[in-house]
Amino acid sequence: MLKSKIKIGISLRITEASNYTEKRDSLSHDWAQFLEEIDIVPILIPNTISNINEFLENLDLDGLILSGGDNIGDDQKRDQTENKIINFGLSNKLPIFGVCRGMQMLNVFFNGTIDESSNPNHVRNPHSLEINNQKFSDFLNNTIEVNSFHNNVINKSDLGKDLVPFAMSSIDQTVEGFVHKNYPIVGVMWHPERLKNSQSKEILRKVFHEKGFWD
């Protein structure tokens, strides 16, 4: 029998619940619903596992997602966990998909930098992206509409080593989507789990379901 669903490990943000003193790992409900629609089983990766490599090795994963929420540096434990997740993915040749903060983590991992937007139209305003990479323009429209929920941006000159943009913001020409030259890695600055549009779903389908996409 063919395996119709694949298992993707997903990182978690660290939050504090009111009236409780302990920190908690959490994930938006949007993610489980979104991944179910594209035949992906989400496997949650805690931030407090003592041996993250051993934990991941036992899961038999088909890929990894670095989720969004908060900034790099807000919680050292999450930063450390996600860096280990990236290293594990590279060592095991697993596709990695970074969302918002996750994209920023990937950029920093490959020695890129993050800037802060001063454009008031960038945040919480729908805006279009220009698709400028053949690998993605083959199945996406020339322009797609997304939303941003943060002030952080990645300028083309601040991209990490061997990261190539495939989507640029029409507002300020910042990078909103990139792919790695040599590894099965994609980052997007918007939240596909919140938009749930066909374009976002198709990107994740290609990344995780179609091995030929990386040939």
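**Close-up views of a predicted model**

**View 1. Helix α1 and its two sides.** The face of α1 that is turned away from the buried side of this helix carries H29 and E36, both of them exposed; like every view described here, this one shows a predicted model. Helix α1 spans residues 29–37, and within these residues W31, F34 and L35 are buried. An α-helix has 3.6 residues a turn, so residues three or four places apart point the same way.

**View 2. The cover over the buried residues of α1.** Among the elements that cover the buried residues of α1 are the strands β1 (6–11), β4 (40–45), β5 (63–66) and β6 (96–99), together with the helices α6 (192–195) and α7.

View 3. Just after α1, the backbone passes through D39, which takes a positive phi of about 60°.

**View 4. The largest pocket and its lining.** The largest pocket holds about 250 Å³ of space, and its lining is made up of I6, D62, K93, L94, P95, P184, V207, F208, H209, K211 and W214. Helix α7, which covers residues 198–209, gives the most to this lining, with three residues. By residue class, the lining of the largest pocket divides into seven nonpolar residues, one polar residue and three charged residues.

**View 5. K93 in the lining of the largest pocket.** K93, one of the residues that line the largest pocket, sits in the loop between α3 (76–91) and β6. Although K93 is not a glycine, its phi is positive, at about 55°. Because its relative accessibility is 71% and the cut-off for exposed is over 50%, K93 counts as exposed.

View 6. The lining of the second largest pocket comprises two nonpolar, seven polar and five charged residues. C100 belongs to the loop between β6 and α4 (101–109), and its phi is near 55°, a positive value in a residue other than glycine. With a relative accessible area of 6%, C100 falls under the 20% cut-off and is therefore buried.

Technical notes
Residues are numbered from 1 along each chain as its sequence is written. This is a predicted model: local features need pLDDT of at least 70, side-chain atom pairs count only at pLDDT 80 or more; totals for chains, interfaces and linings use all residues. Side-chain values use heavy atoms; hydrogens and water are left out. On a 1 Å grid over the protein atoms alone, a cavity is a set of points where a 1.4 Å probe fits but cannot get out, and a pocket is an open set with protein on both sides within 12 Å along at least five of seven lines; lining residues have an atom within 4 Å of a point. Grid points are joined across faces, edges and corners, and a volume is the space filled by probe spheres set on the points. Helices (H or I, at least four residues) and strands (E, at least two) are DSSP runs, numbered from the N terminus. Ala, Val, Leu, Ile, Met, Phe, Trp, Tyr, Cys and Pro count as nonpolar, Asp, Glu, Lys and Arg as charged, and the others, Gly among them, as polar. Buried means under 20% relative accessible area, exposed over 50%, partly exposed in between (1.4 Å probe, protein chains only). Contact means heavy atoms within 4.5 Å.
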